[in-house]
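Dear colleague,

I am passing on the structure we spoke about, and below it I have set out what was found in it. Please read the notes with the coordinates open beside you.

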Amino acid sequence: MQEKLSSLDRKILRLLQHDADLSAAEIAEKVELSQSPCWRRIHRMQEDGLIERKVALLNPQRLGLSMTVFVNVKLSAHGRNNLDEFEQAIVGYPEVLECYTMAGSSDYLLKVVAKDIVAYERFLRDHLLQRPHVQEAHSNIAMSEVKRTTELPLD
């Protein structure tokens, strides 16, 4: 269910999505609200689960993770236990940044980062393809990054 947000809440969320380091006082000034009511709004949105957490966004290239691969995975068996086992394993791989269940020709779509092609191949051969019931894995290597954001559209 979509939450009912006031225009002021949306402004606050836009600011936080762009820079979570902003203090309640800085946000209050930018949205033209006093500090205490602004803090209460932020706290309420945290308690309501609209704000899940605050994180630092790291630069993968600067950290030596210059390869991004999107992997379509198809399982050979789709029983509940097989899906649960696969998903639990995927959660444990730090190389996998995102995992989605899919409708269509593949069962899962993974976003994987690696240092280089050798590191990705090692992950693929030693981990992903060793999972029981993984029938196929099709890799799509990203050539360049056009857009990367975590900011949700709030309009």
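I begin with Leu 58, which is exposed, its relative accessible area being 56%. Please keep in mind throughout that this is a predicted model. Leu 58 belongs to the loop that runs between helix H3 (35-47) and strand S1 (67-75), and together with Leu 63 and Leu 65 it makes up a nonpolar patch on the surface, the accessible area of the three together being about 290 Å².

Helix H3 also packs against helix H2 (residues 24-31): the two axes come within 8 Å and cross at roughly 105 degrees. Since angles of 65 to 115 degrees count as roughly perpendicular, H2 and H3 are therefore described as roughly perpendicular to each other. On the H2 side the contact involves Ala 24, Ala 25, Ile 27 and Ala 28, which meet Gln 35, Cys 38, Trp 39 and Ile 42 of H3.

Another residue of helix H3 is His 43, which counts as partly exposed at 31% relative accessibility. The C-alpha atom of His 43 is separated by 34 Å from that of Met 102, a residue 59 positions apart from it along the chain.

Turning to charged pairs, the count of salt bridges comes to nine. One of them joins the side chains of Arg 41 and Asp 9, with an N to O distance of 2.7 Å; because Arg 41 lies in helix H3 and Asp 9 in helix H1 (residues 7-18), this pair ties together parts that are 32 residues apart in sequence. Of the two partners, Arg 41 is partly exposed, with a relative accessible area of 24%, whereas Asp 9 counts as buried at 3% relative accessibility.

Asp 155 lies in the segment after strand S4 (134-141) and Arg 14 in helix H1, so the pair ties together parts that are 141 residues apart in sequence. Here Asp 155 is exposed, with a relative accessible area of 84%, while Arg 14 counts as partly exposed at 32%.

A salt bridge also links Glu 145 with Arg 148, the closest N and O atoms being 3.4 Å apart, and both ends are partly exposed, Glu 145 at 48% relative accessible area and Arg 148 at 43%. Finally, salt bridges that share partners join Asp 9, Arg 41, Arg 44 and Asp 48 into one network.

Key
Residues numbered from 1 in each chain as written. Predicted model: local features only at pLDDT ≥ 70, side-chain atom pairs only at ≥ 80, totals over all residues. Heavy atoms only, no water. Patch = residues over 30% accessible without salt bridge, like charges linked within 9 Å, V, L, I, M, F, W, Y side chains within 5 Å. Areas by Shrake-Rupley, 256 points an atom, 1.4 Å probe, with all protein chains shown as cover. Salt bridge = Lys/Arg side-chain N within 4 Å of Asp/Glu carboxyl O. Helix = DSSP H or I, 4+ residues; strand = E, 2+ residues; numbered from the N terminus. Buried < 20%, exposed > 50% of the residue type's maximum accessible area, 1.4 Å probe, protein only. Axes fitted to C-alpha atoms, helices over the stretch in contact; angles between N-to-C directions. Parallel < 35°, antiparallel > 145°, perpendicular 65-115°, else oblique. Contact = heavy atoms within 4.5 Å.
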